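Hi everyone, thanks for coming.

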Amino acid sequence: MSGIAGKVVAITGASSGIGEAVARLLAGRGAKVVLGARRTERLAALAREIGEGAAHRTLDVTDRAQVEAFVAFARERFGRLDVLVNNAGLMPLSPLDQGKVDEWDRMIDVNIKGTLYGIAAVLPVFRAQGSGHVVNIASVAGHRVGPNSAVYSATKHAVRALSEGLRQEAGPALRVTIVSPGAVESELAATISDAELKQRMIDYRRIAIPAAAVARAIAYALEQPPEVDVNEILIRPTAQPT
Ligand code: NDP
């Protein structure tokens, strides 16, 4: 199936920011969207707004069984699954000296393991179908490392590494796309627990571009013909130097 209309697209982290924008844009172009995240009321409101082309299910990507159930739900609801957007993520930045090990664990669990659980859940489905597309949201932080960002950057480097490994193993039937955004309007900075760092990040993110810009990049990868695999897209605000 080429193009976007009629594709069934499951999106993790669809309750705000990039995931929500992806759902709106793809649904507007005729895709069926399946929304997953923990904040069920937000998902329900978004699904109501989109209409019959949307379904939602509560999802915590750190729970492998829930990720499998999410994928099964998408297939039951719309009869197939064409695309998984592994978007759920968090970014509680901090210097390593603060020893916020619980936050490190959380980033590893959501950003890396959540993405892996998504891949594990869809691969057998895509193999059986003979088609499928995994879109993993990494980050510019998956290309570079800065102070306060060691663990977050490590998780996003990992997302890029496992995406590239998957792409090489995928063969000619499956497509794998990494999308690496720079500063994008969303609720991401809210996960920073250090008050001063959070304010600095909020100030820095004044140059952020709308989440719809990332949604358009994802749509570009999806709408290519099946033999064209857009491997990675880096997308930053024009005003973001690094
Ligand atoms: P938001 O905070 O707005 O969205 C994050 C989404 O992830 C929410 O929908 C949240 O939903 C979901 N989420 C968090 N934890 C879990 C979980 N355990 N299970 C299921 N869903 C979860 O930020 P963004 O839209 O910016 O983030 C989306 C992705 O984009 C992330 O992977 C982020 O790292 C990446 N990114 C963002 C950039 C930016 O500048 N905004 C730049 C580069 C990358 P809920 O809380 O309801 O579960």
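How do the residues of the shell around the ligand divide into nonpolar, polar and charged? They come out as 14 nonpolar, 9 polar and 7 charged. Quick housekeeping: this is a predicted model, where local features need pLDDT of at least 70, side-chain atom pairs count only at pLDDT 80 or more, and totals for chains, interfaces and linings use all residues. Residues are numbered from 1 along each chain as its sequence is written, and side-chain values use heavy atoms, leaving out hydrogens and water.

OK, who's in that shell? There are 30 residues around the ligand, and Ser15, Ile18, Arg38, Tyr152 and Ser186 come nearest; being near takes a heavy atom within 4 Å.

Now some polar contacts, meaning pairs of N or O atoms within 3.5 Å. Isoleucine 18 has a backbone N or O atom 2.8 Å from a ligand oxygen. Aspartate 60 uses its side chain: an N or O atom there is 2.9 Å from a nitrogen of the ligand. At glycine 89, a polar backbone atom sits 3.4 Å from a ligand oxygen. On its own the ligand has 880 Å² of accessible area, and the protein covers 96% of that (Shrake-Rupley method, 1.4 Å probe).

Which elements give two or more residues to the shell? Those are α1 (17-28), α4 (101-129) and α5 (150-170), with helices being DSSP runs of H or I, at least four residues.

Conventions. A polar contact is a pair of N or O atoms within 3.5 Å; within protein, one must be able to donate a hydrogen and the other to accept it, and residues adjacent in sequence count only if both atoms are side-chain atoms. Ala, Val, Leu, Ile, Met, Phe, Trp, Tyr, Cys and Pro count as nonpolar, Asp, Glu, Lys and Arg as charged, and the others, Gly among them, as polar.
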